[in-house]
Amino acid sequence: MPNETKRERLRELGALNARPEAVRAPWFRESTFFDPLDLVQVKYEMLRHVQEDGVNKADAAALFGLSRPTYYQAEAAFERDGIAGLLPRTRGPKSAHKLTDEVMQLIEQNQHAGAPLQARSLAELLHSTLGISVHPRSIERAIARKKKR
């Protein structure tokens with residue numbers, strides 16, 4: 001795989017090491033097999049270096065251009081999920097989790113047909129009646145999704 005193609009693919013997957021120049025492990029500099037751009041490989045080798053070579057965790061983290069907290073996070077993820085634990089995970093909610101069917105019904109009941117969308121007032125209504133805090137833009141997106149269907 002050409003290096004630029006690999007770089008783009010790593011970026012898409014969220015596995016591109018933002019600081020490959022900080023990786024000082026000699027085998028990453030002397031071998032074409034090890035790639036300092038591949039963050040999963042860098043983390044795995046950092047963990048392996050501690051486990052197999054008995055190196056201090058802080059020294060290993062520094063050698064691989066990572067922080068001690070990153071070492072401990074990688075160690076916990078690897079113990080929990082194996083190498084798959086080193087893959088990046090998407091952060092944050094995966095959907096409009098506050099905008100349940102019940103909430104959307106309330107929005108639809110208080111949205112006047114033909115009138116411009118008043119997302120800010122709908123957000124205030126949700127807060128006062130249901131006690132949930134929803135950003136007006138989230139309401140706008142939810143209504144747009146509903147219209148697409």
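This is a predicted model: local features need pLDDT of at least 70, side-chain atom pairs count only at pLDDT 80 or more; totals for chains, interfaces and linings use all residues.
Residues are numbered from 1 along each chain as its sequence is written. Local features need pLDDT of at least 70, side-chain atom pairs count only at pLDDT 80 or more, totals for chains, interfaces and linings use all residues, and side-chain values use heavy atoms, with hydrogens and water left out.

Reader: How many aromatic pairs are there?
Author: Rings of Phe, Tyr and Trp (its six-membered ring) pair if their centres lie within 6.5 Å. Planes under 30 degrees apart count as stacked, over 60 as edge-to-face and the rest as tilted. By this rule the count is six.

Reader: What is the geometry of the pair Phe28 and Phe34?
Author: The ring centres are 5.2 Å apart. The planes meet at 45 degrees, so the pair of Phe28 and Phe34 is tilted.

Reader: Are Phe28 and Phe34 buried or exposed?
Author: Buried means under 20% relative accessible area, exposed over 50%, partly exposed in between (1.4 Å probe, protein chains only). Phe28 and Phe34 are both buried.

Reader: How many residues apart are Tyr44 and Phe78?
Author: Helices (H or I, at least four residues) and strands (E, at least two) are DSSP runs, numbered from the N terminus. Tyr44 sits in helix H3 (residues 39-53) and Phe78 in helix H5 (residues 68-81). The pair links distant parts of the chain, and the separation is 34 residues.

Reader: What is the distance between the end C-alpha atoms of H3?
Author: The expected span of a helix is 1.5 Å times one less than its number of residues. With 15 residues, H3 should therefore span 21 Å. The model agrees, with its end C-alpha atoms apart by 20 Å.

Reader: Which residue caps the N-terminal end of H3?
Author: The cap is made by a side-chain oxygen.

Reader: Which residues form a network of salt bridges?
Author: A salt bridge is a side-chain nitrogen of Lys or Arg within 4 Å of a carboxyl oxygen of Asp or Glu. The structure holds ten of them. The residues linked in a network are Glu45, Arg48 and Asp53.

Reader: What separates Arg9 and Glu12 in helix H1?
Author: Their side chains meet in a salt bridge (3.1 Å, N to O). Arg9 and Glu12 are three residues apart in H1 (residues 3-13), so the separation is about one helical turn.

Methods:
A polar contact is a pair of N or O atoms within 3.5 Å; within protein, one must be able to donate a hydrogen and the other to accept it, and residues adjacent in sequence count only if both atoms are side-chain atoms.
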